[in-house]
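Here is a walk through some local features of this model, with a heading for each stop. Keep the structure open alongside and follow from one place to the next.

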Amino acid sequence: MSNPVNGSVRMETKDLSVRYGPAIYGIQNVSMPVHANKVTALIGPSGCGKSTFLRALNRMHDLNSDVEITGQALLDGEDIYAPQVDAVVVRRKIGMVFQKPTPFPTKSIYDNVAAGLRLVGIRKKQVLDEAVEKALTGAALWDEVKDRLKSPGGSLSGGQQQRLCIARALAVEPEVLLMDEPTSSLDPASTLRVESLIKQLKDQVTIIIVTHNMQQAQRVSDYTAFFFVGELVEVSPTGTIFGSPREERTKEYLSGAFS
Amino acid sequence: MTLKARYARDAAIQVGVVLMTLIVVIPLLIIIVYVVANGITALNLDFFTQELGSPARAIQGRPAGLRASIIGTIVIDLIALAMALPFGIATGIMMSEYPEHPFAPVTRLMVSTLNGMPAVLMGLLAYALVVKNTGGFSALAGSVALAFVMIPIISRTTESVLRVTPWSLREAGLSLGLPRWRVTVSLVLPAARAGIVTGALIAFARAAGEAAPLLLTSFGNNYFSMDLTQPMDTLPQRLYSLAISPYRQWHSMGWGGAIILLLFVMLTFYAGRIAVKKMEERALGVNEERRTARRKTRKDRREANQ
Ligand SMILES: Nc1ncnc2c1ncn2[C@@H]1O[C@H](COP(=O)(O)OP(=O)(O)OP(=O)(O)O)[C@@H](O)[C@H]1O
Ligand SMILES: [Mg+2]
């Protein structure tokens, strides 16, 4: 796999708009770069379109026939919405962790993590065992579940379920990982472990993370994008956004003028 | 409204609800009691081990029974279920998972038409399709007719349980790069399996009680037969023919058959309830947890002994 140069542009959107109905914009004309092997944080008030944007990046809106998408979303220069591109292939490269934990309830913890690998034809028990342990360790869940890998995924607590979903997404080794508020249901200790995982993963993966926690954005991200009412207000290196933002609206949001 | 008036209204509504329930339950109880009272004397060993034979047998007091009808009902019903399941589940998936597919509206129309069709027409349909083309009445033709009765029931329950499985499950599967069919087969169907099993059992029990579709297809057979290409006896159709026969002995055997049919349907529902409960428990890991707990106590005990 050709790994792009550190810091080069891995994904880029051009005038990307998502409409949930004829006049209901989720996001409007968003153009922004996503740098390779960096963490980009998406921040902004509730309902500003962060999840909408994130889901547009791995074609999660495809199933909803009311949604209309215009503009481009490029992965390594190729538009993922081009007619010849297969959404399934796109999603294998671009993984996702959802805002709400969504384990496969009837599958065991082990099978939850192994599900994606089995699909690409990996059957060897030893390979699967190693991948499952690695992913669960990465998601800071291994110690809690190593004795009950056969229990169903639905029998875990909410926070454990979210870490299980992180492990599941990691196991298939995506090139880009989209994380929608991955720590919103976690306790402080697990949150810190997931954050250190994110920093650790940067070597192999390009990460986009939605967060409402400004400290978290500062701790983990290299770039921060501020969304407001469906528009991208500014995207800059994280230090710049939190130090001296270019836009007045960013400054107001960060000082708590609107939430 | 005063508090007293509220209590009075509450009591009135309660009385109304109880009354309505009784109106529904009492006739059912009367039917059960009546059937049992009339048929219980017919249920001897011969009833379960002998075939019916000619009317002379019963009149002369020689052994006669409904073994052929009981076994025939089970055989024809099971084959019908095996035929109906793939079609019922597939059409349910089509309506729930691929609503944008050009076949989806056609499927929906066909399923609702089948659902509203009187059962005797299912018999005519199977008659035209199977009996006419194979040259005679047969057990298989009966199974086809009952499969037509089962398909819309399985299809509709499948569709509705698939619809209530959360979207997030599908999205989680898709986000791993699973193709849509794989998400349906490996994730959505297993999550909905308890509901699908319930639907299949309702269809099975419902078809077990149908006489009309069988009159023109499996036809009936006074003698025991396991040949699927020949007429075969079934309980509902046998009850009908015993009831309209002029022989007292056959009437009493008919009541006995009604008890068995009633039991058969009730047992099917009961077995289904247990199966669904087991499945739900397994899905929630109740058994796994119990097993782990048991293993742990055993280990603790061993350690305590040392
Ligand atoms: N399926 C949908 N149908 C119609 N409108 C939707 C749908 N999903 C989201 N929206 C609208 O799109 C806008 C953006 O929603 P989105 O979920 O992207 O916000 P968000 O920034 O992720 O918010 P939060 O921080 O609360 O998760 C909102 O106004 C929302 O009401
Ligand atoms: Mg969101």
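## Leu85 of chain B

B:Leu85 is partly exposed, with a relative accessible area of 27%, in a model that is predicted. The residue belongs to helix H4 (residues 67-97) of chain B. If you skip the neighbours within four places in sequence, B:Leu85 is in contact with B:Ile154 and B:Ala200.

For a sense of distance, take B:His251, which is 166 residues apart from B:Leu85 along the chain. The C-alpha atoms of these two are separated by 36 Å.

## Ser54 of chain B

B:Ser54 sits in the loop between helix H2 (45-49) and helix H3 (55-59) of chain B.

Which residues does B:Ser54 contact, leaving aside neighbours within four places in sequence? They are B:Tyr223 and B:Trp250. B:Tyr223 is 169 residues apart from B:Ser54 in sequence, yet the C-alpha atoms are 8.7 Å apart in space.

## Two helices of chain B

Staying in chain B, have a look at helix H5 (residues 103-116) and helix H7 (residues 139-164), which pack at an angle of about 125° with their axes 8 Å apart. Are they oblique or parallel to each other? At that angle, H5(B) and H7(B) are oblique, and their crossing is left-handed.

On the H5(B) side, the contact uses B:Arg108, B:Val111, B:Ser112, B:Leu114 and B:Asn115. Facing them from H7(B) are B:Phe148, B:Ile151, B:Pro152, B:Ser155, B:Arg156, B:Glu159 and B:Arg163. Sorted by class, that contact of H5(B) with H7(B) has 5 nonpolar, 3 polar and 4 charged residues.

## Two helices of chain A

Over in chain A, helix H6 (residues 158-171) and helix H7 (residues 188-201) pack at an angle of about 15°, and their axes are 12 Å apart. H6(A) and H7(A) are therefore roughly parallel to each other, since angles under 35 degrees get that label. The crossing of H6(A) and H7(A) is left-handed.

H6(A) brings A:Arg163, A:Ile166 and A:Leu170 to the contact, while H7(A) supplies A:Ser190, A:Arg193, A:Val194, A:Leu197 and A:Leu201. Split by class, the residues where H6(A) meets H7(A) come out as 5 nonpolar, 1 polar and 2 charged.

Two residues are worth a stop in the loop between H1 and S4 of chain A. A:Arg59 is in this loop, and its phi is near 60°, a positive value in a residue other than glycine. Is A:Arg59 buried or exposed? At 12% relative accessibility, A:Arg59 counts as buried.

A:His61 lies in the loop between H1 and strand S4 (68-75) too. A:His61 is buried, at 4% relative accessibility. Not counting residues up to four places away in sequence, A:His61 touches A:Val18, A:Tyr20, A:Thr52, A:Arg55, A:Ala56, A:Val67 and A:Ile69.

## Asp15 of chain A

A:Asp15 has a positive phi of about 50° although it is not a glycine. You'll find A:Asp15 in strand S1 (residues 9-21) of chain A, partly exposed at a relative accessible area of 46%.

## Pro245 of chain A

Last stop: A:Pro245, in the loop between helix H9 (238-243) and helix H10 (248-254) of chain A. A:Pro245 is buried, with a relative accessible area of 12%. Neighbours within four places in sequence aside, A:Pro245 is in contact with A:Glu234, A:Thr240, A:Thr250 and A:Lys251.

A:Gln216 is 29 residues apart from A:Pro245 in sequence, and the two are 18 Å apart in space, C-alpha to C-alpha.

Methods
Residues numbered from 1 in each chain as written. Chains lettered and ligands numbered in written order. Predicted model: local features only at pLDDT ≥ 70, side-chain atom pairs only at ≥ 80, totals over all residues. Heavy atoms only, no water. Axes fitted to C-alpha atoms, helices over the stretch in contact; angles between N-to-C directions. Helix = DSSP H or I, 4+ residues; strand = E, 2+ residues; numbered from the N terminus. Parallel < 35°, antiparallel > 145°, perpendicular 65-115°, else oblique. Left-handed = near helix turned anticlockwise from the far one by under 90°. Contact = heavy atoms within 4.5 Å. Nonpolar A, V, L, I, M, F, W, Y, C, P; charged D, E, K, R; others polar. Buried < 20%, exposed > 50% of the residue type's maximum accessible area, 1.4 Å probe, protein only.
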